[in-house]
Amino acid sequence: MTKLLAASARPALFASLLAATMLLAPAARAQSFSDDQKQAIEGIIKDYLLKHPEVLQEAMTALDKKQQEADAEKARTTIKDNNATLFNSAHQVVLGNPQGSVTVVEFFDYNCGYCKKALPDMLTLLKTDSNIRFVLKEFPVLGEGSVEAAHVAVAARMQDPTGKKYIEFHQKLLGGRGPADKAHALAAAKDAGFDMARIDKDMNSDEVKATIDENMKLADALGVNGTPSYVVGSELVVGAVGLDALKEKLAAAQKK
């Protein structure tokens, strides 16, 4: 019991000491503290931190939690402000149920190893949840090969608004061996049965540029700087978090 009381008292004491330190600068200007008094206060704080360094870890943990909460709130606001573009843009691939009540948006790069590992998660969700609407947004940030692959991918989407052939292309390219680039993307498109003459024509079109530009701006607004990153409901989920975590996010989104 004594240890618990002591532990619970430490943050309060530390906060008081910090408050005193923060007052030193303006107080010094007002000449409220003498040099000896300031040195004494600083000495108390230093001595306390040396004896209880764990308080610094507690403060850093609290600061990190506060920052995460602030980032999450900022993401929710950005998602709300960009709702139409995120979930219903004309420049996107929609898989699964187009009228599904819950939507997952994934920002991905065809050269991202974590995106490759996360591919089975998407396929499982689409197979097991008939109510899910899965939106794919090309986010080519891993070099020129990624940009080339994204150009071919958007051109493929232009031929296949239903996404039925696109998903085959997507699996072949993302799940294939070797780096994704123009050659590999074109081979995947050919294997998936796309009109290659049209792919060649469309891959450098204004529509491709508009799609990638829109995705880049959305990612920047959301603070997305890595792949895969998801938007599930009103929440931004960063990283290949795994199937179970995605299911939890989906279940939470459906309750809102």
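Helices (H or I, at least four residues) and strands (E, at least two) are DSSP runs, numbered from the N terminus.

**Entry 1: ground rules**

I noted at the start that this is a predicted model, in which local features need pLDDT of at least 70 and side-chain atom pairs count only at pLDDT 80 or more, while totals for chains, interfaces and linings use all residues. Residues are numbered from 1 along each chain as its sequence is written, and side-chain values use heavy atoms, with hydrogens and water left out.

**Entry 2: Thr-85**

I looked up Thr-85 and found it in helix α4, which covers residues 83-88. Its relative accessibility is 27%, so Thr-85 counts as partly exposed (buried means under 20% relative accessible area, exposed over 50%, partly exposed in between, with a 1.4 Å probe and protein chains only). I then listed its contacts (heavy atoms within 4.5 Å): setting aside residues up to four places away in sequence, Thr-85 touches Gln-92, Lys-137, Glu-214 and Leu-218. I also checked Asn-215, which is 130 residues from Thr-85 along the chain, and the C-alpha atoms of the two are separated by 9.1 Å.

**Entry 3: the sheet**

I turned to the strands, recalling that strands of a sheet pair through backbone hydrogen bonds, either parallel or antiparallel. Two strands pair if DSSP finds at least two bridges between them. Here I found an open sheet of five strands in the order β1-β3-β2-β4-β5, with mixed pairing. Its edge strands are β1 (93-96) and β5, each of which pairs on one side only, and the twist from one strand to the next averages 25°. For angles, axes are lines fitted to C-alpha atoms, for helices over the stretch in contact, and the angles run from 0 to 180 degrees between N-to-C directions.

Helix α7 (residues 166-174) lies across β1, β2 and β3 (132-138), running at about 55° to β3.

**Entry 4: salt bridges**

How many salt bridges does a search of the whole structure find? I wrote down six, where a salt bridge is a side-chain nitrogen of Lys or Arg within 4 Å of a carboxyl oxygen of Asp or Glu.

One of them joins the side chains of Arg-157 and Glu-207, at 2.9 Å from N to O. This pair links distant parts of the chain, with Arg-157 in helix α6 (residues 144-159) and Glu-207 in helix α10 (residues 206-222), 50 residues apart. Is Arg-157 buried or exposed? Its relative accessible area is 10%, so Arg-157 is buried, whereas Glu-207, at 22%, counts as partly exposed. Leaving aside neighbours within four places in sequence, the contacts of Arg-157 include Val-93, Tyr-166 and Thr-211.

Another joins Lys-249 and Glu-235, whose closest N and O atoms are 2.8 Å apart. This pair also connects distant parts of the chain, since Lys-249 lies in helix α11 (residues 243-255) and Glu-235 in strand β5 (residues 235-238), 14 residues apart. Lys-249 is partly exposed at 27%, and Glu-235 is partly exposed at 31%.
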